[in-house]
Amino acid sequence: MSSTTPMSSSPPPPPAASLTERRKAETRMEIARAAAGLFVRQGLRATRAEEIAQAAGIAPRTFYRYFATKEEAIGPLYAVGARRWVDAVRAAPAEVPLPQALEDAVRHTLTPGVGVSTASWNWVRTLIRLAEANPALRRVWAEVCRTSERDLTEALMERLAHGQEVCVAKSREPYSARSEEAGSARSRKAGSTRSREAGSAQDREACDIPDRDARATSDREACVTSDREACAAPDREAGSSLRQEPSGAGRDNDASRARSAFAAAVASAAVRTAMESWAAGDGPAEGPAGPAQLALDNLAALRDFPWADVTRGG
């Protein structure tokens, strides 16, 4: 996704990692692949950290720069699928409803041959089973799932913030004319130039009409009712921007984050339990009993879940 993507298409991408960060990530992944290969072939108990280092072509001391234990070495492989899932949700166009964005992300991430090669799914199954059987590895799996849930919360917050920008941008033109008319009316009535209140109103034109007559009040209520998250008014002082939040906006943002975190927890659990249920059996990675379909079935059960209320800001 490039920086020229229209504002209405999708939230902005995260900043690119530096060359040093990319090299470290590549080394971590090489170690993780080596660890996975040994765990699958000879088992977790029979594998030593020194063997993992040798298989990865590094010195043992280099291994311990990246991981404290052999179990932690598998974390990057657990995490790569989780990152793909969150990145797919984040990349979904802003106008796509959240349930659809989640389901599309599942198809992108869990369909064999799309997110992970078909041959690799046997490794995925083994690694998840190992996590169930080994407490140390289970903690690594749980931490990756928790991190993914936090990342999904941030993705939902980004979608919410992006939706606010789009709404304000689209709202500005019709409300601008109305704000100018209201400001001119007050100026004529007062026999002076446009008042400070009218000037401030032009900064709040998307969702806070300054005129206090019945028509303006009705307009504001309609705006709030139709899309609460797009109608959080900016600061009431002239020249304020969307980043200068009014009194109480901090509390609103905390509430919005809490709701987004809850939505992320529900969606993440739907995907995690699908993966664990599939790994516990012997069925193929494709078809109605595969991880993608199981996750889609879980998410389908949540279609009537009040996502709009949960992720709504304000």
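Predicted model: local features only at pLDDT ≥ 70, side-chain atom pairs only at ≥ 80, totals over all residues.
Local features require pLDDT of at least 70 and side-chain atom pairs count only at pLDDT 80 or more, while totals for chains, interfaces and linings use all residues. Residues are numbered from 1 along each chain as its sequence is written, and side-chain values use heavy atoms, without hydrogens and water.

| Helix | Residues | Residue discussed |
|---|---|---|
| H2 | 49–56 | Ala 49 |
| H7 | 135–190 | Arg 159 |
| H10 | 249–280 | Ala 255 |

In H2, Ala 49, Ile 52, Ala 53 and Ala 56 are buried (under 20% relative accessible area with a 1.4 Å probe, protein chains only; exposed is over 50% and partly exposed in between). Seen down the axis of H2, these buried residues fall within an arc of 100° (taken from the directions from the helix axis to the C-beta atoms), so they line one face of the helix. They pack against helix H1 (19–42) and helix H3 (60–66), through contacts between heavy atoms within 4.5 Å.

Beyond its neighbours within four places in sequence, Phe 63 is in contact with residues including Ala 49, Ile 52 and Ala 53. Just after H2, Gly 57 has a positive phi of about 75°.

Arg 159 is buried yet has no salt bridge (a side-chain nitrogen of Lys or Arg within 4 Å of a carboxyl oxygen of Asp or Glu). The nearest side chain of opposite charge, Glu 95, is 7.4 Å away.

Ala 255 is partly exposed, with a relative accessible area of 27%.

Notes
Helix = DSSP H or I, 4+ residues; strand = E, 2+ residues; numbered from the N terminus. Lys, Arg positive; Asp, Glu negative; His and termini not counted.
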